[in-house]
Amino acid sequence: MISSGTITKADGLDLLAEFMGVKDEVFALTQQAKDGTMNLSETLEEVLRIINCTPDDVRRFVQQHPPEKRLTKGIVNLIKTLQKRGVAVYMISGGFREDIMPIAKYLGVPRENVFANRMNWQWDDETGQPTRLSGFDESQPTAFNMGKIRAISKIREDHPYNTVVMIGDGATDMEAVQSSQGADLFIGYGGVVERPAVAEAAEWFVYDHDDLTRALKCSKVAMIGIGSFACAAIHLLTQNIEADDQFDPCLKVWVQDPLDEFEGRSLIDIVNTEHHHPKYLPGVHLGDRVVASSDLEWVASDADVLIFCPPHQHMQSITRRLMGKVKREAVAISLVKGMRVGRDGPQLVSQMIRKNLGIDCSVLMGGNVATEIARRELSEAVVGATSSETGQLFRKLFKTPYFNVDIVQDVAGAEMCGTLKNIVALAVGIVDGLGCGCNAKAVIMRQGLTEMRKLSKTLYPNVRNETFFESCGLGDLITTCLGGRNRATAEAWTRAWKSGAPKTWAQLEEELLSGQKLQGVGTSNEVQEVSRAFARLGMSPWTG
């Protein structure tokens, strides 16, 4: 939220008054309003009476004072930088839209993001055109003292979880933080006029908008895990963080096994010098600024954004190791598909992260095969986030021209979809191993989706039905059942069993997946434990 007094070198009303030849009279009145010594609505009424302009006067004034000649130093760059980072910019003014809107248009601020007063006009009965000024619209929130708080409260109604920062130079701007419905932070600006009372009361006071642009946070991103999908995600991430000054271009990556080798060479050294993973995603460039390390605390401790993508069975120990060692204001996103069943019942990975680390956690789920993402084939995913603001952050990190990202405010629904579909993929693999056709696979997939929804809604009643038809639901189910490693390994397991020489899941993981772990087997065991717990209570989890 930016006050118009910090955007332009001179107050719009003062300039209009000068244009109309009544500069000194109006300037004295507007200064009293800004200093808080005169009622705002009375000031506006008196100012308009003195100016007494016509619509033609306003048009000629705007032509004589175009926006590009009126803007304060650094404001264009500040607003463009904020908008590039997905931050909504609002303009608020005790002046009038007739003057403010051309400036907002020049700066790219949407019409609906402008709060300002409106002039009322007397209309000619014969021509149907406005002819002379007849006052102002008193229904606008900015027409009265404390009006900026009223404007901010309207923003909060639509964006209840977002942080609101007010930048301004006057007493009415400081009012914005004097209410629970107002702004969270006030930044005083003295680049045009320095008011001692504002400078003293402001939590931060600047004279140049470039100071604010330079102070915008450069977020550090860390990836926990380096399996095949983690590598595909890194391939996406580095494209975006290297191109956006919102993010530190260095991406730290945690490698669990410091002794892991490939053809006699340290895997960590290969990643750090050749910038690819020869075992899980060979030949795919991970980014020149990727730094791999087996020191979990070093990778995670200074990160503003934590991305988790190890096997889900390791998440409990990882998050416990990081307890008290990550930034309190950090945010996390889980790419992990699985759950943990403990004494208190089932726990999703995002819940585990929130509980153990005390930070917000979103999820990224979708129908994706790592190798196809690496080949830059058309793909999509869903960010399940607790707020639109957080969802936009992660969308910016992962979205590319070939990898689309949508946002749903249904973390549990998106995560349950990603977790349970691996079990269905095992069943489809078994059907393939038995030599059955498409009819049988269709039955398994349809019934599987039905049971996924029932279990999810039993465990988390607020899960939305629509989520199951997003990329994280139906899309992921189709992809995993047609081309995922759970399906392929289950087919191999079934064929080995039919041949009379059965193999364990662990053997097949080593043979087919280079030692990577299947999520479906562990998740199946956990879901069966949930089902047994319900049975002990005489209930069924499949009634949601």
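Me: Which residues lie nearest the centre of the largest pocket?
Reply: Among its 38 lining residues, Leu 82, Val 87, Thr 163, Val 165 and Glu 389 hold that position. The model is predicted, with local features needing pLDDT of at least 70, side-chain atom pairs pLDDT 80 or more, and totals for chains, interfaces and linings using all residues. Numbering starts from 1 along each chain as its sequence is written, and side-chain values use heavy atoms, without hydrogens and water.

Me: What makes these residues part of a lining?
Reply: Each has an atom within 4 Å of a pocket point; on a 1 Å grid over the protein atoms alone, a pocket is an open set of points with protein on both sides within 12 Å along at least five of seven lines. H17 (388-398) provides the largest share of the lining of the largest pocket, 6 residues.

Me: Which residues touch the most other members of the largest nonpolar core?
Reply: Met 223, Ile 307, Leu 397 and Phe 398 do, among 43 residues. Helix H11 (residues 228-241) supplies the largest share of this core, 8 residues.

Me: What does Phe 398 touch, not counting residues up to four places away in sequence?
Reply: Phe 398 has contacts (heavy atoms within 4.5 Å) with Ala 233, Leu 236, Leu 237, Asn 240, Ile 307, Ile 333, Leu 335, Leu 364, Phe 403 and Val 405.

Definitions and conventions:
Core = buried A, V, L, I, M, F, W, Y, C linked by side-chain atoms within 4.5 Å. Buried < 20%, exposed > 50% of the residue type's maximum accessible area, 1.4 Å probe, protein only. Helix = DSSP H or I, 4+ residues; strand = E, 2+ residues; numbered from the N terminus. 1 Å grid on protein atoms, 1.4 Å probe; cavity = no way out; pocket = protein on both sides within 12 Å on 5 of 7 lines; lining within 4 Å.
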